[in-house]
Amino acid sequence: MASSSSSSSSLIQSHHLFFPTFFLLFFFLSLSNAQLLPSSSSRPHGLVLPVTKDASTKQYLTHINQRTPLVPVNLVVDLGGEFLWVDCDQDYVSSTYRPARCKSPQCSLARSTSCGDCYSPPRPGCNNNTCGLFPDNTVTQSATGGELASDVVTLQSTNGFNPGPNVTVRRFLFGCGSTSLLDGLAKGVKGMAGLGRTSIGLPSQFTAAFRFPRKFALCLSSNGVIFFGDGPYVMLPGIELSNSFSYTPLLINPVSTAGVSSQGEPSAEYFIGVKSIKIDGTKVPLNNKLLSINKKSGVGGTKISTVNPYTVMETSIYNAFISVYTKKAKAMNISRVASVAPFGACFSMENVVSTRVGARVPIIDLVLQNKRVTWTIYGSNSMVQVKDDVFCVGFVDGGSKPTTSIVIGGFQLEDNLLQFDLPRSRLGFSSTLLFRQTTCSNFNFTTKA
């Protein structure tokens, strides 16, 4: 039976479970998609999806083509989401929709623990003898029951320089959600694209279908890009970025952080080990226990998120962070002014110099596995302009008892290239691309490979 993630107590490391299910996925997709490649094309080097930022919600959006006939489907990018889910209640019409039957290999891949019937006329999302999932709106933190199914998905291939021919996965697994789950998502969105660390997340399914390395790279901006597969990752004017990474381990939270989970299920989200925080070289005084993941409760640690617009910190961490930041800003003759929600620390832009990497303000370092490996945050990723003459530190107070102590949000990720290397369980990060005289908006989507 399903249970809330907070009640999960059995500590199962996800890599113990992932490899058998991944090979089952590889076998399933290889059999069902033998004719998926264009006759004029060899197997693709990788895949590419465009990303845009919705101005009103600050959500990052992408789109795929799904169903028969193909329909463009707008989706919110959910880095830690367990799978693709779409609204099947309204206007889902497809001749290639296939519900996953109980006890089928698809149910095993999805680790589905439920099986049931639907007491209405058959339609997408409502069929008898099907296994279920729990589509999760991670923006509003709500989940509902849904049907596991497969359908056609088409997107663009890439050689890393520009897009190539469209390619198709004929039996892509996803969850059918209800219309109510769209509440809180950007206008026109029909679901969420889960990039999480599961066998039916987008990265695993694309890897199994096309047999390229089980890696993906995320580059957010107002017009960014997601790559599936290994580099090169090339931005205009011809700047290759796969040689720009520093690396840190990806950590496994043994307790699911999803809205609904099975007991013992690990989290699909991506955690890293932040050991300390420095501001202009000064260490922020923190309770170090909050920086580690509690192996029994799953509480604590640091994760990366695309559904949080700004970095969220547990209250004591946030207060200590803002205290040091304010002192450093004062030493630079930057004056604090009244706060503007949701931010707790705002400053006058008077006396602030503009640089290639944003405003010249105190530099933030997230110190990772050792003091030589740091994720450095400059003004372009730390300061949010809220008025003509006021900007605020783009970090927010997450309360005294959050599940995760630090959630690195979308604004801090923009114009940083992140590569998620799943076999090696490591994160490659570039720091700001502005130093390289390019941005995440500079992938050439206009020229065919």
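# Reading Burial, Disulfides and Pockets

Mentor: Let us begin with cysteine 107, which is buried, its relative accessible area being 6%. The model before you is predicted.

Trainee: What cut-off separates buried from exposed residues?

Mentor: A residue under 20% relative accessible area is called buried, and one over 50% exposed. Because the relative accessible area of cysteine 107 is 6%, this residue counts as buried. Cysteine 131, with 2% relative accessibility, is buried too.

Trainee: How are cysteine 107 and cysteine 131 joined?

Mentor: A disulfide is a covalent bond between the sulfur atoms of two cysteines. Here such a bond connects cysteine 107 and cysteine 131, with an S to S distance of 2.0 Å. The angle about the S-S bond is -90°, and the link is left-handed. Cysteine 107 belongs to helix α2 and cysteine 131 to strand β7, so the pair ties together parts that are 24 residues apart in sequence.

Trainee: How many disulfides does the structure hold, and how is their pairing written?

Mentor: There are six disulfides. When the bonded cysteines are numbered in sequence order, the pairing reads 1-8, 2-4, 3-7, 5-6, 9-12, 10-11.

Trainee: Which hand does the link of cysteine 102 and cysteine 115 have?

Mentor: That link is right-handed, with 100° about the S-S bond. Since cysteine 102 sits in the loop between β5 (98-99) and α2 (105-110) while cysteine 115 sits in strand β6, the pair ties together parts that are 13 residues apart in sequence. The sulfur atoms of cysteine 102 and cysteine 115 are 1.5 Å apart in this model. As to burial, cysteine 102 counts as buried at 15% relative accessibility, whereas cysteine 115 is exposed at 53%.

Trainee: Where in the chain do cysteine 219 and cysteine 440 lie, and what joins them?

Mentor: A disulfide joins cysteine 219 and cysteine 440, with 2.0 Å from S to S. The pair links distant parts of the chain, 221 residues apart: cysteine 219 is in strand β13 (residues 215-219), and cysteine 440 is in the segment after β34 (426-432). The torsion about their S-S bond is about -70°, so this disulfide is left-handed. Both cysteine 219 and cysteine 440 are buried.

Trainee: How many residues of helix α3 are buried?

Mentor: In helix α3 (residues 202-210), nine of the nine residues are buried, and the helix is mostly covered. Among them are Leu202, Phe206 and Phe210, together with Ser204 and Gln205. Just after α3 comes arginine 211, with a positive phi of about 60°.

Trainee: Which aspartates take a positive phi, and where are they?

Mentor: Aspartate 280 has a phi near 45° and is placed in the loop between β19 (276-279) and β20 (282-283). Its relative accessible area is 35%, so aspartate 280 is partly exposed. Aspartate 415 has a positive phi of about 60° and lies in the loop between α6 (410-413) and β33 (416-421). At 16% relative accessibility, aspartate 415 counts as buried.

Trainee: What volume does the largest pocket have, and which residues are closest to its centre?

Mentor: The largest pocket has a volume of about 800 Å³. It is lined by 36 residues, the closest to its centre being Thr138, Gln141, Thr257, Glu269 and Lys303. The lining comprises 13 nonpolar, 18 polar and five charged residues.

Trainee: Why is the largest pocket said to lie between domain 1 and domain 2?

Mentor: Domain 1 (46-232) and domain 2 (242-432) both contribute residues to the lining, so the largest pocket lies between them.

Trainee: Which elements give two or more residues to the lining of the second largest pocket?

Mentor: The second largest pocket holds about 310 Å³ of space. Its lining has 20 residues, with Asp117, Gly125, Thr130, Gly146 and Glu147 nearest its centre. The elements in question are β6 (114-116), β7 (130-133), β10 (146-158) and β11 (163-177). By class, this lining has six nonpolar, 10 polar and four charged residues.

Definitions and conventions: Residues are numbered from 1 along each chain as its sequence is written. This is a predicted model: local features need pLDDT of at least 70, side-chain atom pairs count only at pLDDT 80 or more; totals for chains, interfaces and linings use all residues. Side-chain values use heavy atoms; hydrogens and water are left out. On a 1 Å grid over the protein atoms alone, a cavity is a set of points where a 1.4 Å probe fits but cannot get out, and a pocket is an open set with protein on both sides within 12 Å along at least five of seven lines; lining residues have an atom within 4 Å of a point. Grid points are joined across faces, edges and corners, and a volume is the space filled by probe spheres set on the points. Ala, Val, Leu, Ile, Met, Phe, Trp, Tyr, Cys and Pro count as nonpolar, Asp, Glu, Lys and Arg as charged, and the others, Gly among them, as polar. Domain bounds come from an automatic or database domain assignment. Helices (H or I, at least four residues) and strands (E, at least two) are DSSP runs, numbered from the N terminus. A disulfide is a pair of cysteine sulfur atoms within 2.5 Å. Buried means under 20% relative accessible area, exposed over 50%, partly exposed in between (1.4 Å probe, protein chains only).
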